[in-house]
Amino acid sequence: MSFATYLDSHFQAMKPEYEKMIRMVGIERGSKVLDAGCGGGCFFPILSEIIGPTGHVEALDISPANVKAAQQLAHYMTNSTNNNYNAATGPDTNSTTSGQPQHPSIHVQVGNVTKLPFATNTFDVVWCANVTQYLSDTELPQCLLEFRRVLKPNGIVAVKELDLAANMIGPSLQAHAWTLYRHSQTLVNVHGCLRTPELPQLFREADLSHVNFAYVFGERRSPLNHQETEFIQSIIEYHAGIAQKLPLSAEEQVFWRNMERFESSDHPMKRPYYHFREGHIVVVGRFDPHSFLPM
């Protein structure tokens, strides 16, 4: 599974929560939006619906493979009336609407969120989802300053991120997951997901005003559908992969190897009361050039 496909599978498995979060931001019709760290373009359809054909999306990602997937989606959308597309399967040919394409223009390029290739005061909104976890403690403030720089006066920065402390990959797995996290905080994205609650304060330190935030929780329970099963299995595989690289006890190593045996009849995911939870934070701030934020 490519990373772009993984990102899309995550989005599809948690789509109601993801769409709820971007709608919470208050993006207006006709806005010029930067999708910073766009992955394979998962948010393009919902962004297009929100801003309409008079809006515009600039998108960037540091991964050329992600950019290629996002460019394919952008090309498809701007030439079609069908919004239903994902990186794994392409367009849903059974879901179309009549009439002319009603999408905004979308441009995608390779770029780094810590050094944006855009002029000052360019965007009405900067949207950034599941990216800050991959930034170091030095890079994250730099990224937020760049977001503020490219905003128009009174523009919006909105960051959506996972809060690892609010996640649960399964009732009988969680204690083992925390043992793994304690040993893996030097991994950037593990540290970044544990740092998530600090984002509102970091927004203030970047001189963003009217800072607000909300948590959104996504839960999936047995019986899981195919999309949910594939996604949660990929999460467990990710944890098992980390475990192999860490100095864990032999007992912990055996546990994570067993968790990759999804065909086992006693695997936790096959239990009738299995459930999975993700905790997300959405932090919103504005660039008010006349505002002074005391620290």
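Partly exposed means a relative accessible area between the buried limit, under 20%, and the exposed limit, over 50%. Glu 219 has a value of 36%, so it is partly exposed. This is a predicted model.

Glu 219 forms a salt bridge with Arg 221, with the closest N and O atoms 2.9 Å apart. Arg 221 counts as exposed because its relative accessibility is 56%.

## Other salt bridges

The count of salt bridges is nine. One of them joins the side chains of Glu 49 and Arg 23, at 2.7 Å from N to O. Glu 49 sits in helix α3 (residues 44-51) and Arg 23 in helix α2 (residues 15-24), so the pair ties together parts 26 residues apart in sequence. Glu 49 is partly exposed at 46% relative accessibility. Arg 23 is partly exposed too, at 44%.

Glu 146 and Arg 149 form another salt bridge, with their closest N and O atoms 2.7 Å apart. Both lie in helix α5 (residues 139-150); they are three residues apart, so about one helical turn separates them. Glu 146 is buried, at 12% relative accessibility. Arg 149 is partly exposed, at 24%.

## Strand β9 and its neighbours

Strand β9 covers residues 275-286, and nine of its 12 residues are buried, so the rest of the structure largely encloses it. Strand β8 (residues 209-221) runs antiparallel to β9 and is joined to it by 11 bridges. Within this pairing, Val 216 has His 280 of β9 as its bridge partner.

Strand β7 (residues 151-162) also pairs with β9 in the antiparallel sense, over seven bridges. Here Glu 161 is partnered with Ile 281 of β9.

## Nonpolar cores

Nonpolar side chains tend to be buried together in soluble globular proteins. The largest nonpolar core here has 61 residues. Ile 27, Phe 43, Phe 44, Val 108 and Trp 256 have the most contacts inside it. Helix α9 (residues 226-244) gives the most to this core, with seven residues. A second, separate core has 27 residues, including Phe 123, Leu 140, Val 159 and Ile 281.

Phe 44 touches residues beyond four places away in sequence, among them Asp 35, Cys 38, Val 57, Leu 73, Met 77 and Val 108.

## A nonpolar surface patch

Phe 213, Tyr 215 and Phe 217 form a nonpolar patch on the surface. Together they have about 300 Å² of accessible area. Phe 213 belongs to strand β8. Its relative accessibility is 43%, so Phe 213 counts as partly exposed.

Notes:
Residues numbered from 1 in each chain as written. Predicted model: local features only at pLDDT ≥ 70, side-chain atom pairs only at ≥ 80, totals over all residues. Heavy atoms only, no water. Buried < 20%, exposed > 50% of the residue type's maximum accessible area, 1.4 Å probe, protein only. Helix = DSSP H or I, 4+ residues; strand = E, 2+ residues; numbered from the N terminus. Pairing = 2+ DSSP bridges. Patch = residues over 30% accessible without salt bridge, like charges linked within 9 Å, V, L, I, M, F, W, Y side chains within 5 Å. Areas by Shrake-Rupley, 256 points an atom, 1.4 Å probe, with all protein chains shown as cover. Salt bridge = Lys/Arg side-chain N within 4 Å of Asp/Glu carboxyl O. Core = buried A, V, L, I, M, F, W, Y, C linked by side-chain atoms within 4.5 Å. Contact = heavy atoms within 4.5 Å.
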